[in-house]
Structures are given as C-alpha cells and as structure tokens.
Amino acid sequence: MTVDVKEHDDSMIGVSGLEDSEENELELYDLPGVGAATAERLKESGYDSVMSIAVASPGKLVDDAGCSEAVARKMINAARDSLKMGFISGIEVLEKRKKVMRVSTGSACFDELLGGGFETGSIVECFGEFGSGKTQIGHLLAVNCQKLDPGSVAIYIDTENTFRPERIKQLAIGAGLDPDDVLKNIKVAKAYNSDHQMLLAEKVSEIIRQEKLKVNVVIVDSLTAHFRAEFIGRGTLAERQQKINRHMHTLLKIADTNNACVYVTNQVQADPAQFFGDPTKAVGGHIVAHASTFRIYLRKGKKGSRVAKLIDAPNMPDGECNFFVETGGLKDA
Ligand code: GTP
Ligand code: MG
C-alpha cells in the first residue's frame with residue numbers, strides 16, 4: 001500500500017490506531033489552539049475525538065475549523081503525540097497485527113488465497129465485469145462478519161441500488177445464523193451521487209462512535225460507478241481522481257481507526273492499449289490501486305464458476321482460485 005505522502009499528511013496512520021479506537025483521556029479542548037469556540041466548531045464538523053484530529057489533514061482542518069494552517073498542524077501533531085502515533089518497533093507492529101481478524105468467505109480456496117479471509121484493518125478491492133460476483137461477496141461479508149463476531153454490525157454503502165435483504169436472508173441461513181438478527185445488524189445507506197457517497201463515508205466513523213457500534217466490515221458497492229458516470233471526458237479526469245483520492249483516504253481511515261475491513265467493488269473498462277491477454281482493467285486508475293491493500297480480479301469461469309485472482313497483497317503470493325456462488329454462500333469449485 002502506498003499513500004501520496006506529499007498531498008496527504010495523514011499517511012502515518014498505517015500502523016497505528018488499531019488499539020486507539022477506544023476513548024482516550026484527552027479531550028478536543030486539551031489540544032493547543034483549541035478554545036471553546038473552536039472545539040464547538042470542530043464538533044459541528046464531525047470531529048468528536050482526538051483521534052479524528054490525529055488522522056485529519058491540515059488543509060481539511062483549516063477549512064473545517066477556520067484556523068490557520070500552523071494552528072492546524074500544531075493540533076494534529078499534539079493529537080498524534082497523545083495517541084503515540086509516531087514510529088513504533090516492528091515487534092509492536094506485529095503485536096498490533098494480532099488484532100487483525102479475517103472474515104471467511106465460506107470457500108476454503110478463496111480464504112486460503114487471502115491468508116484466511118478478508119482482513120480487517122485493510123481496504124480490499126474486488127474488480128470485475130458485470131455478474132462476476134462483486135455484489136455477492138459484499139452481501140456475504142455483511143453476513144459472515146457477524147458469524148465471526150456475534151453482535152457486530154456491518155455498514156453497507158449501496159450506490160447501485162443492488163442491496164437485497166432477501167439475499168442476506170439466504171446467506172444468513174446458509175451460515176447458520178438467524179436471518180432477522182443478521183438484517184438488524186446491517187446498516188444500509190443508499191448513495192445518490194458521488195458527493196453523497198463521500199459524505200456517507202465521512203459519517204461512518206462518527207456513527208460508530210456515537211452509537212458505540214462494533215464494526216468489522218464496511219462495504220462500498222460500487223466504489224467507482226458514480227464517479228465514472230458523473231465525470232465524463234478527459235477534461236474532468238483530474239478532478240475525478242482528486243475526489244476519488246479523498247474518498248479513498250476517508251476509507252483508509254475507517255479501516256485503520258476501527259480495525260475494519262473496508263470492502264470496495266470496482267468496475268472494469270476495456271484497455272485499448274492491450275493487444276494480448278485480458279483487455280480489461282480496473283476503473284479508478286492508480287489511486288484506487290495504491291490505496292487498496294488487497295486487490296482481487298473476479299471473472300466468470302467455466303460451468304458458471306467464478307475465478308478470483310489475487311493481484312496485489314502485502315504478504316501473500318499472487319494466485320487464483322475457483323468457486324461457485326450458491327444460494328447459501330460460496331462453494332469451492
Ligand atoms: P455488477 O454489479 O453488475 O458489475 O456485477 P457484480 O459483479 O456485482 O455481480 P453480482 O455479484 O451481482 O453477481 C450476480 C450473479 O451472482 C448472478 O448472475 C448469479 O450468477 C449469481 N447469484 C446471485 N444470486 C444468486 C443466488 O441466489 N444463487 C445462485 N446460485 N447464484 C446467485
Ligand atoms: Mg454489483
């Protein structure tokens with residue numbers, strides 16, 4: 001995973017945060033430069049904890065709090081210091097990694113491909129053509145995270161109006177869970193356009209804190225469809241990529257601060273430059289590719305099966321597996 005360090009000063013969230021999501025003793029007004037009025041303004045803009053300041057970028061804080069950039073930097077640094085977000089040893093990273101959970105797909109070969117399932121604390125991207133199973137996997141994760149951690153809640157941002165409670169029920173039964181309980185523990189929001197989608201993502205951490213939810217999986221299906229539909233033509237590409245970049249950073253923070261698996265789906269487009277092999281590539285370009293910790297390419301295989309190909313992972317070899325989408329879940333082919 002690489003994050004553009006120059007533009008976004010919040011790149012140091014990578015190894016931290018997993019254990020800091022609980023209440024910390026410091027309050028917003030304990031930070032330098034934050035008086036009563038600024039604290040109020042910050043709260044109104046959704047900054048409700050020292051952690052939310054620690055993972056903010058100075059530019060965003062200037063906009064939201066109306067302070068100078070120097071003050072914003074001071075605030076962020078103090079917040080990071082108080083949360084010990086500087087360098088830590090490899091051993092400490094290893095210790096934190098022990099908190100990572102893996103949500104099973106129900107297919108042994110798919111789980112194995114990913115080192116045991118979909119990892120929390122990461123962004124996992126599935127891209128592929130229509131009907132390749134991206135949405136099915138989203139539904140499955142919303143169910144299986146509850147099997148892994150009973151009482152936990154899945155958050156589902158639905159941009160294509162394809163969330164189906166009926167499908168959740170089938171998968172819940174397949175997983176041996178009570179379908180109504182599972183449905184109660186999924187929070188769904190429909191995103192009507194890309195701005196709305198970004199806003200919903202920005203609200204996720206706030207909702208988790210306010211409602212004291214235990215969230216292991218956040219689904220954004222589809223990550224890129226609205227952006228693709230709204231920004232048409234070469235002239236709009238830069239603006240589109242900037243917005244996607246901001247969105248990815250929001251998602252990265254959600255994954256890191258809540259130790260959640262953020263599952264995003266992505267479409268493919270024809271790559272006219274490719275003459276040999278598979279002429280498809282993921283939408284969203286390098287920005288989505290770099291921000292995703294795991295990238296999986298899904299396609300239709302033989303006899304109605306699906307093929308998942310791991311093409312980018314920090315600690316797993318690239319590989320492929322075959323499975324079927326069935327009423328009750330995934331099954332090895
Ligand atoms: P787009 O969103 O259109 O890009 O596609 P997608 O990748 O999200 O596809 P999706 O996950 O919606 O996959 C749809 C496919 O899953 C269907 O064509 C079926 O093959 C399969 N599927 C969906 N529901 C069921 C089910 O209840 N039983 C079985 N056996 N297959 C199902
Ligand atoms: Mg879909």
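## Aromatic pairs

Five aromatic pairs turn up when the whole of this predicted model is searched. A pair of aromatic rings is described by the distance of the centres and the angle of the planes, and those two quantities are given here for two of the pairs. Take Phe-110 and Phe-118: their ring centres are 5.8 Å apart and their planes meet at 70°, so this pair is edge-to-face. That label follows because an angle over 60 degrees counts as edge-to-face.

Phe-110 also pairs with Phe-323, and here the rings are stacked, with 5.0 Å from centre to centre and 15° between the planes. Phe-110 belongs to helix H6 (residues 108–113) and Phe-323 to strand E12 (residues 319–326), so this pair ties together parts that are 213 residues apart in sequence. Ring pairs join Phe-110, Phe-118, Tyr-263 and Phe-323 into a cluster.

How buried are these rings? Phe-110 has a relative accessible area of 0%, so the residue is buried. Phe-323 comes out at 1% relative accessibility and counts as buried as well. Phe-118, the edge-to-face partner of Phe-110, is also buried.

## A charge over a ring

Another aromatic residue to look at is Phe-130. The charged end of Lys-300 sits over the ring of Phe-130, at 4.3 Å from the ring centre.

## Around ligand 1

Which residues are closest to ligand 1? They are Gly-131, Lys-134, Thr-135, Gln-136 and Val-325, out of 15 residues that surround the ligand. Backbone atoms take part in this shell: a backbone N or O atom of Gly-131 lies 2.8 Å from an oxygen atom of ligand 1, and a polar backbone atom of Val-325 is 3.0 Å from a nitrogen atom of the ligand. From a side chain, a polar atom of Gln-170 lies 3.5 Å from an oxygen atom of ligand 1.

How much of the ligand does the protein bury? Ligand 1 exposes 670 Å² when taken alone, and the protein buries 64% of that. Helix H7 (134–148), helix H8 (165–174) and E12 are the elements that give two or more residues to the shell. H7 gives the most, with three residues.

## Beyond the shell

Is Asp-149 buried or exposed? At 14% relative accessibility, Asp-149 counts as buried, because the limit for buried is under 20%. The side chain of Asp-149 is joined to that of Lys-214 by a polar contact of 3.0 Å.

Arg-246 lies in helix H12 (residues 237–258). With a relative accessible area of 43%, Arg-246 is partly exposed. The C-alpha atoms of Arg-246 and Met-198 are separated by 8.3 Å, while the two residues are 48 residues apart along the chain.

## Two domains

For the overall layout, the protein chain is divided into domain 1 (2–82) and domain 2 (100–332). How far apart do the C-alpha centres of the two domains lie? The distance between them is 28 Å.

Methods: Residues numbered from 1 in each chain as written. Chains lettered and ligands numbered in written order. Predicted model: local features only at pLDDT ≥ 70, side-chain atom pairs only at ≥ 80, totals over all residues. Heavy atoms only, no water. Phe/Tyr/Trp six-rings, centres within 6.5 Å; stacked < 30°, edge-to-face > 60°. Buried < 20%, exposed > 50% of the residue type's maximum accessible area, 1.4 Å probe, protein only. Helix = DSSP H or I, 4+ residues; strand = E, 2+ residues; numbered from the N terminus. Lys NZ or Arg CZ within 6 Å of the ring centre and 35° of its normal. Domains from an automatic or database assignment. Near = heavy atom within 4 Å. Polar contact = N/O pair within 3.5 Å; in protein donor to acceptor, adjacent residues only side chain to side chain. Areas by Shrake-Rupley, 256 points an atom, 1.4 Å probe, with all protein chains shown as cover.
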